[in-house]
Amino acid sequence: MNFKRFITSMVLMAAAILLPGCSDDDPVIAPKVPSLNLNSEVVEAAAEGGEYSVGYTITDPVTGGSLAPTCDAEWITLNSATDGKIAFTVAANETAEAREAVVKVGYTNIETPATFTVKQAAAAEKPTPEPDPEPTPDPEITLNAAEVNVPCEGGAAEMAYTLTNPVEGAALKATTTAEWITNLNTEVADKITFTVAANEQTAPRSAEVELTYPNIKDPIRFTVKQEAAPEQPQSQNEITIEISKITDKSVYLKFTPSNNTPYTAGLIPSYKLNGKTTDEEIINFIINEFGPYPFNDVFEAEVRPLESDTEYYVFAFGYDANKKKATSKLHHKTFNTLIENNEVCDIKIVLEYGEYADAQSVGAIDSNYGSAIDPSTSALVPFKAYTIPEGHEVFWYILDPSALDLSKESLIETLINGGGFRSSKVLQLDYGTTFVGLAVAEDEKGRPGELFIGKELTLTPEGVMPAEEFVKKYPFKSTNQMFREAAVKRPALTASEMLLGR
């Protein structure tokens with residue numbers, strides 16, 4: 001026996017004995033088959049169509065498996081099949097018959113797809129449309145004339161018209177921008193009535209009235225024309241204008257009429273005329289812009305404050321303040337103020353005050369004072385103002401002591417440009433009034449001097465001087481007239497304010 005072959009056989013036998021045996025009784029595991037269940041077999045869709053869905057569940061899903069819904073009907077659009085819902089859109093059914101279609105839903109490893117049916121109702125029968133109504137013709141307005149002519153006296157006026165194809169419930173509207181046409185009325189059929197004011201100007205005038213009505217696109221207009229007022233004979237008032245004492249901030253004006261008919265006068269910077277050159281343009285501008293103040297006799301005054309290095313237009317003309325119209329020709333002159341001068345002069349001013357008497361006691365002695373005195377408890381305070389050297393312009397006022405908080409420059413400007421007193425006066429002030437006197441002088445070139453600040457004074461019944469002594473020392477004079485004042489807060493009107501009625 002071959003030894004090697006024997007050993008090999010033995011090893012093979014041993015290996016066969018050691019290998020495990022296979023039995024016909026061991027179990028065999030079959031793969032799981034998925035199943036697809038739909039929660040609806042039929043979906044009822046309205047004729048109008050819309051968005052619909054069918055729910056589903058998958059048992060034993062296949063890893064990586066996918067749902068595949070399909071439908072052959074063009075009127076069904078499958079949108080998505082996720083998260084347990086198959087969404088789809090049903091188009092509107094515009095036919096008179098109902099329709100249906102089947103949606104098949106396949107899934108991986110499922111041979112027979114699940115299905116559901118979509119049933120859509122037929123479209124409702126549409127009513128037979130009624131024929132379009134005949135178009136309504138647009139309304140038309142025909143005016144009786146293109147314009148209305150009115151005499152200068154004004155009064156009631158009207159415009160006749162014809163309206164065809166009116167709109168039910170609609171009203172005609174009439175408007176105008178002219179202030180001299182009022183009371184526009186369209187309530188009377190086929191007639192527009194209105195009132196025209198009298199024309200006091202010597203030039204004719206015209207304005208448009210605009211008509212509007214529903215369904216008329218473009219407004220209809222007619223013109224109102226009014227005659228000019230007849231030329232009025234002008235007064236023969238010749239007004240002389242005198243200009244003097246011109247400085248950089250002031251001027252002295254004197255107006256002398258040839259008769260006592262009312263006139264107005266004043267001045268304005270020439271540049272404010274805004275290119276107006278004719279006498280009529282300038283007169284109308286002055287009347288409309290300033291409402292000037294009328295005078296009857298000679299008027300003269302220093303006017304301040306003015307702009308330096310500026311041309312001024314000085315005017316005067318006869319003036320009827322009630323009718324607001326000129327009654328004479330325009331008189332005028334121009335002048336230029338000097339270049340601004342900030343120099344000061346060495347003129348000093350003295351303002352004396354301190355003595356005072358009881359007003360009622362003085363009035364009981366001197367009937368002249370008595371006729372001017374207010375019966376309330378008050379004192380008469382004399383003020384005397386003069387310059388060193390004498391003969392120069394002086395400005396003084398009494399103010400509340402709190403005014404001293406202002407700068408000297410501001411106080412000087414207030415005195416000179418604010419219309420302060422320029423001569424000695426006797427003022428009537430209430431007891432308990434506390435004030436301080438301020439004054440400044442000005443030379444012929446308009447240069448101010450040093451500011452004078454007087455003592456602070458409070459009036460009391462105990463501080464009065466004897467009335468008999470007051471009457472002897474300060475006899476009543478018409479030029480020394482009294483002013484009823486309390487602690488003065490605001491200066492008097494300036495001459496420029498008086499001239500221009502401001």
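Predicted model: local features only at pLDDT ≥ 70, side-chain atom pairs only at ≥ 80, totals over all residues.
Local features need pLDDT of at least 70 and side-chain atom pairs count only at pLDDT 80 or more, while totals for chains, interfaces and linings use all residues. Residues are numbered from 1 along each chain as its sequence is written, and side-chain values use heavy atoms, with hydrogens and water left out.

**Overview. The protein has seven helices and 32 strands.** Both are DSSP runs numbered from the N terminus: helices are H or I with at least four residues, strands E with at least two. Of the 502 residues, 37% are buried. Buried means under 20% relative accessible area, exposed over 50%, and partly exposed in between, with a 1.4 Å probe and protein chains only. The accessible surface comes to about 30100 Å², computed by the Shrake-Rupley method with a 1.4 Å probe. Carbon and sulfur atoms hold 51% of that surface. Among contacts with a separation of 6 or more, 72% link residues 24 or more positions apart; a contact means heavy atoms within 4.5 Å.

View 1. Strand 1 runs antiparallel to strand 3 (residues 50-59), joined by four bridges. Pairing requires at least two bridges found by DSSP. Ser-35 sits opposite Thr-59 of strand 3.

**View 2. Asp-83 lies in the loop between strand 5 and strand 6 (85-90).** Asp-83 counts as exposed because its relative accessibility is 79%. Its C-alpha atom is 8.9 Å from that of Gly-55, 28 residues away along the chain.

**View 3. Strand 19 (residues 263-269) is mostly covered, with seven of its seven residues buried.** Tyr-263, Ala-265, Leu-267 and Pro-269 point one way. Thr-264, Gly-266 and Ile-268 point the other way. Strand 19 pairs antiparallel with strand 22 (residues 311-320) over seven bridges. Two bridges join strand 19 to strand 20 (residues 294-295), also antiparallel. Tyr-263 faces Gly-318 in strand 22 and has Phe-295 as its bridge partner in strand 20.

**View 4. Helix 5 (residues 408-417) has buried residues Leu-411, Ile-412, Leu-415, Ile-416 and Asn-417.** Their cover includes strand 28 (393-399) and strand 30 (434-442).
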